[in-house]
Amino acid sequence: NGTLDQNKRKRAAELRTIFTRLGPTFIKLGQGLSTRPDLCPPEYLEELAQLQDALPTFPDADAFSCIETELGMPLESIFSSISPTPIAAASLGQVYKARLKYSGQTVAVKVQRPGIEEAIGLDFYLIRGLGFFINKYVDIITTDAVALIDEFASRVYQELNYVQVSVSGHQSYDIILCLQEGQNARKFKMLYADKEDILVPDIFWNYTSGKVLTMEWVDGVKLNEQAAIERQGLKLLDLVTTGIQCSLRQLLEYGYFHADPHPGNLLATPEGKLAFLDFGMMSETPEEARFAIIGHVVHMVNRDYEAMARDYYALDFLSTDVDVSPIVPALRDFFDDALSYTVSELNFKTLVDGLGSVLYQYPFNVPPYYALILRSLTVLEGLALYADPNFKVLAASYPYFAKRLLTDPNPYLRDALIELLFKDGRFRWNRLENLLVQGSKDRDFSAKDALQPVLKLLLGPDGEELRTLVIKEAVRVTEVFTLCTFVDTYNSVPSFMRSLIFNGNGALAMSSAELQSMMELRDQVFRIWGLLRSSENFDPALLQPILQILQQPEARSLGGRVVGGITQRLAARLLQQVLRMPMAPTSSSSALDTR
């Protein structure tokens, strides 16, 4: 009857009210939904966005009393001024703007909601009971629901403790300070704030306790306020791309990542930096899984579904005693359809949903860290969709993946690179060119980093198989350059001299298609060399270590085998030309006999 559309705004407001009334646990659920325009209509997005910082506040007198109790000092001895009311109310606390008395520095003071532990404890007690019910009776969900709930609950409880005090011992008690949100912020700053476009606020430890957190004040605009961002002369997509690159470093480089990146925790500063806030909910990606994820992307690009299925062992999705062969057809059915375009054109949610349908059919157990990774990346893609409905997070991620494959010396990634570049014993120059083009878009890419690990692997004790492939390719490429140079020289000779030199016959017995293929390969190699030289850190002096490596006995042996192979190939072509040469002279022809 059309009433569904008419009531959208009303129902969205009701849902926001319900989430607010149900408390912090459901508020966090609503915060996640508020960044997904592909899941919720605009009316719902606008209403749920109010859950970011327009939440009910608790009395200011209670907050100020908490500050004095926790820090052990009167309010006026700590701050020269403090806002009389909170400037924002988060799901677990509220924030005041203040000025430190000793330094005059502007700070944000976060005070925990009273009774929050009991409220969240009750939520998770009830939700966990539902998890046991799901595990026992809902067969379609193969993931351990209780484990996922426990992981989320543990993160929320960590967020509650700005400085957590744990007590150990039987007769005597050793007080151990386990810094939580404050320490998380310090670690995050140490790992990721080295980039000039990332800002992480400092923590003031002398004014921080279990329920009070004092940190540097950051002026900025939330990432879902596109108009306000553009008024500052900034572009939302540039900031989201910065966020994606930083998230990839978090997930795949150091493995320590921000697990709650909703718009209220991501600010665009007037200087164009992306500021991260609220470090209560963090998680870690296991080291083996970091490399397995990158390898999984390579296998997806190559459509190697058997290798993709085996990746689930390393990702801890499957027990090693599970046979993955039945999973391969399901992966092939989904990805052959999804990859009808390039991988970079895939929507991240489409990929997640497709994998999800596969996960439900087989005995997968999705580890908690993976669910948090998906949440982190889907939130960023959701933010980008505000500015560009066609934005693809995988396309924005390509430069990072390319750089890691080309520069990371980790054996797993080196094997993945070889797998990507070689197929059926032939080197795929187009893949290398594409990797260099994409990798050069990453500001940290350097040609010298890409060359050194490859050469060490090539001449190392485990590189015999690779050396064989490289020798074959070196023969092919050198032959191409030799023949193309010969053809170029032939074509530059005046036509009357060609008939004298070659007796009226083509220079070489070669088809037009073969010549075209050789010319394209030569041009591609030139383009690749140009990409390497255009790298910011490229310097001929950087090749000195390569020359040293080439002086090793193995390298000299390799060079001799290359020369021998080229000589054999050229001799065979010359013999072929002699045998095909007619007895009587014919009319002048082009550089190639294209019969």
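Aspartate 5 is exposed, at 54% relative accessibility. The model it belongs to is a predicted one. The partner of aspartate 5 in a salt bridge is lysine 8, with 3.7 Å between the closest N and O atoms. Lysine 8 itself is partly exposed, at 23% relative accessibility.

**Salt bridges**

The whole structure contains 18 salt bridges. Another of them joins the side chains of arginine 9 and glutamate 46, at 2.8 Å from N to O. Arginine 9 belongs to helix 2 (residues 8-22) and glutamate 46 to helix 4 (residues 42-49), so this pair ties together parts that are 37 residues apart in sequence. Arginine 9 is partly exposed, with a relative accessible area of 37%, and glutamate 46 is also listed as partly exposed, at 44%. Both residues take part in a network of salt bridges that links Arg9, Arg16, Glu46 and Glu47.

A further salt bridge connects aspartate 442 with lysine 403, whose closest N and O atoms are 3.9 Å apart. Here too distant parts of the chain are linked: aspartate 442 sits in the loop between helix 19 (429-439) and helix 20 (447-458), lysine 403 sits in helix 17 (residues 393-407), and 39 residues separate them. Are these two residues buried or exposed? Aspartate 442 is buried, with a relative accessible area of 7%, and lysine 403 is buried at 7% as well.

| Aspartate 5 | Lysine 8 | 3.7 Å |

**The interior**

The largest nonpolar core has 117 residues, and Leu223 and Leu331 touch the most other members. Helix 16 (residues 368-387) supplies the largest share of this core, 10 residues. Another core lies apart from it and has 18 residues, including Phe64, Ile67, Tyr96 and Leu100. In soluble globular proteins, nonpolar side chains tend to be buried together.

Strand 8 (residues 212-216) is largely enclosed by the rest of the structure, because 4 of its 5 residues are buried. Strand 8 runs antiparallel to strand 4 (residues 106-112), and 5 bridges join the two. In one of these, valine 111 is paired with valine 212 of strand 8.

Cysteine 246 is buried at 4% relative accessibility, and cysteine 484 is buried at 0%. The structure has 0 disulfides.

**Helices and loops**

Helix 13 (residues 305-314) is largely enclosed by the rest of the structure, since 7 of its 10 residues are buried. Among them are Tyr305, Met308, Asp311 and Tyr312. Aspartate 316 follows this helix and lies in the loop between helix 13 and helix 14 (327-338). Although aspartate 316 is not a glycine, its phi is positive, at about 65 degrees. Aspartate 316 is exposed, with a relative accessible area of 51%.

Aspartate 424 also has a positive phi, near 55 degrees, and is likewise a residue other than glycine. Its place is in the loop between strand 14 (422-423) and strand 15 (426-427). Aspartate 424 is exposed at 75% relative accessibility.

Tyrosine 157 is part of helix 8 (residues 145-160) and is partly exposed, at 32%. Leaving aside residues up to four places away in sequence, tyrosine 157 touches Glu117, Ile120, Gly121 and Phe124. The C-alpha atoms of tyrosine 157 and glycine 121 are 9.1 Å apart, with the two residues 36 places apart along the chain.

How values were computed
Residues numbered from 1 in each chain as written. Predicted model: local features only at pLDDT ≥ 70, side-chain atom pairs only at ≥ 80, totals over all residues. Heavy atoms only, no water. Core = buried A, V, L, I, M, F, W, Y, C linked by side-chain atoms within 4.5 Å. Buried < 20%, exposed > 50% of the residue type's maximum accessible area, 1.4 Å probe, protein only. Pairing = 2+ DSSP bridges. Disulfide = S-S within 2.5 Å. Contact = heavy atoms within 4.5 Å. Salt bridge = Lys/Arg side-chain N within 4 Å of Asp/Glu carboxyl O.
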